[in-house]
Amino acid sequence: MNNSLYLKRYVETHPDNKMAWYLLGKEYEQAGEQGKANYCYNKAEGVYEAFELSQVPSDIWKNYEQRLLEMERDKDLKRKRIRRLLAALVLLLLVFIPPAQAPGYSSAEVAEGRFPPDEPVSASSANKGKNHSRNEPLYIAVASGQANNSSGMLPSLLQQPRQLPAWSVALGMKRSGKWLLWSKDMERLYGLHRNDQGAIAIQPYEGAAGECNCEPASSSALKRGAERWANLQVETAVLQEAANRYKARHDQLPKSLNDLTQPYPDNWLSGRSKAMEDMFGALMKQQSQGAGGQGNQQEHMTEEPGYWGTSPKGDPFFEQPLQVIIDRKHHRLAVVSGSVLLRNYAVGLGGAKTPLGDFHISDKVVNPNGTTKGPYGTRGMQLSDTLYAIHGTEDVDSIGANESEGCIRMLKQDVEELFDMIPMGTAVKIQEGVLPEELWTPKERFKLKHSQGQTNPGKVYHWLD
């Protein structure tokens with residue numbers, strides 16, 4: 001059986017493995033079957049663009065192909081052995097034992113490793129590497145189907161192999177128009193493995209177990225790790241934005257997290273999280289040294305290399321500041337960083353009464369005017385020194401319509417999440433037709449443990465509603 005047949009069989013049983021689709025496409029292309037090759041490249045999505053446009057050395061993806069072929073050949077031999085063994089067992093059972101239905105897994109399931117996804121992990125494997133951060137994969141996020149992002153990330157990792165942990169995992173962001181969608185459920189595209197000599201290979205997750213002592217986590221553990229990493233990047237972005245806004249006002253970075261979580265009106269952040277407390281010192285040190293990685297690289301690294309998860313130096317994923325974009329045409333409000341869209345909410349507006357332009361969050365208050373049932377709901381965020389604000393509403397039917405006097409109305413769960421996500425000073429842009437209509441919010445909302453004093457009972461707000 002030639003390589004293309006083995007790879008074809010592999011993608012039939014692993015249709016989500018985009019590297020396998022890419023390799024099958026290469027086989028078809030070499031055989032002169034360009035139509036089939038293009039079909040496979042389309043299935044490969046971001047992997048195709050990352051590898052083709054990055055000019056990744058062929059020996060790296062050839063290594064991956066060899067692993068897949070070895071896996072599929074081994075499975076083929078196992079299937080043949082199992083069939084012969086089962087045939088012999090059937091003959092013995094027919095002769096010596098009456099028929100019976102035995103519980104448990106079949107020999108084929110055991111041989112091929114098809115166990116339930118929630119199989120418990122043994123204590124020894126769970127404790128393995130518990131106190132060693134480099135046993136945790138380093139995660140990166142790239143654009144599925146976007147050449148600029150995907151093609152740049154891979155070469156940057158390959159240029160510094162000895163600084164990488166044993167495994168790096170590429171996660172794929174979906175696209176909506178010009179925006180990349182951030183999610184804790186991003187698909188896992190491929191993994192980079194570094195051996196003790198610093199050599200890099202791109203390998204399938206399915207074939208790693210048993211090949212070395214630094215295999216990537218199981219599918220369920222890898223999924224959980226990717227979710228934790230994605231959530232951590234959002235918390236990091238929020239903390240970075242708050243520190244940068246504070247620095248713009250005071251000409252210095254905050255000395256402690258308490259500087260950012262003071263009572264109103266110095267509530268740059270509405271509260272804090274355990275992750276923010278843990279990362280504050282390292283992140284401020286990193287900020288003071290410059291995000292570009294200037295200075296001694298060992299000093300630039302955090303105490304746990306790979307904690308931030310996007311480079312060996314420990315750089316956070318989001319390099320661009322957080323900002324709020326309001327789309328007057330589509331009645332949407334988004335939280336973005338560069339071209340990455342973290343949230344996209346439905347809002348109520350005032351049509352032409354809602355002005356286009358650039359603003360910033362100048363005031364953040366819980367329960368404006370001291371009530372949750374008033375026209376401004378449970379949260380209010382004033383836009384610059386104007387009478388316009390982003391706030392909650394009791395009139396939920398006005399969401400998606402032009403019924404306000406110019407303010408931006410939001411549903412309760414949306415405005416409360418936004419209040420925690422965007423620090424005071426965050427830039428706000430009101431534009432036309434720039435956001436996707438697809439809503440983008442997680443099931444588990446971003447939430448901070450609020451500091452005391454987030455209300456402002458001494459002031460009566462007269463926003464335009």
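Q: Let's start with helix α12 (residues 412-421). Which residues are buried in α12?
A: Asp414, Val415, Glu416, Glu417, Leu418, Phe419, Asp420 and Met421 are buried in α12. That makes 8 of its 10 residues, so the helix is mostly covered. Buried means under 20% relative accessible area, exposed over 50%, and partly exposed in between, with a 1.4 Å probe and protein chains only. Helices (H or I, at least four residues) and strands (E, at least two) are DSSP runs, numbered from the N terminus.

Q: What kind of model is it, and how is it numbered?
A: This is a predicted model, where local features need pLDDT of at least 70 and side-chain atom pairs count only at pLDDT 80 or more, while totals for chains, interfaces and linings use all residues. Residues are numbered from 1 along each chain as its sequence is written, and side-chain values use heavy atoms, with hydrogens and water left out.

Q: What lies over the face of Phe419?
A: Lys364 does, at 4.2 Å from the ring centre. A charge sits over a ring if NZ of Lys or CZ of Arg is within 6 Å of the ring centre and within 35 degrees of the ring normal. Another case is Lys43, whose charged end sits over the ring of Trp21, 5.8 Å from its centre.

Q: How many aromatic pairs are there?
A: Rings of Phe, Tyr and Trp (its six-membered ring) pair if their centres lie within 6.5 Å; planes under 30 degrees apart count as stacked, over 60 as edge-to-face and the rest as tilted. By this rule the count comes to 11 aromatic pairs. One of them is Tyr22 with Tyr41, a tilted pair at 6.1 Å centre to centre and 40° between the planes.

Q: Where do Tyr22 and Tyr41 sit?
A: Tyr22 is in helix α2 (residues 18-30) and Tyr41 in helix α3 (residues 34-44). They are 19 residues apart, and the pair links distant parts of the chain. Both are buried.

Q: What about Tyr139 and Trp229?
A: Their ring centres are 6.0 Å apart and the planes are at 35°, so this pair is tilted. Tyr139 belongs to strand β1 (residues 138-143) and Trp229 to helix α9 (residues 219-250), 90 residues apart. Tyr139 is buried, at 3% relative accessible area. Trp229 is buried too, at 4%. Tyr139, Trp182, Trp229, Phe317 and Phe318 form one aromatic cluster.

Q: Back to α3. Which of its residues are buried?
A: Ala37, Cys40, Tyr41 and Ala44. Down the axis of α3 they fall within an arc of 100°, so they line one face of the helix. The arc is taken over the directions from the helix axis to the C-beta atoms. On the other side, Gly35 and Asn42 are exposed.

Q: New topic: strand β2 (residues 167-176). Why call it enclosed?
A: 8 of its 10 residues are buried, so β2 is largely enclosed by the rest of the structure.

Q: What does β2 pair with?
A: Two strands pair if DSSP finds at least two bridges between them. β1 and β2 run parallel, joined by 6 bridges. Here Val142 stands opposite Gly172 in β2. With strand β4 (residues 187-194), β2 pairs in the antiparallel sense over 6 bridges. Gly191 in β4 is the bridge partner of Val169. Strand β3 (residues 179-181) is also antiparallel to β2, over 3 bridges.

Q: How many residues are between the strands in the hairpin of β2 and β3?
A: There are 2, and Gly177 in that hairpin takes a positive phi near 65°. Ser176 stands opposite Trp179 in β3.

Q: How many residues does the largest nonpolar core have?
A: It has 63 residues, and those with the most contacts inside it are Trp182, Leu333, Ile390, Ile408 and Leu418. A nonpolar core is a set of buried Ala, Val, Leu, Ile, Met, Phe, Trp, Tyr and Cys residues joined through side-chain atoms within 4.5 Å. Helix α9 gives the largest share of this core, 12 residues.
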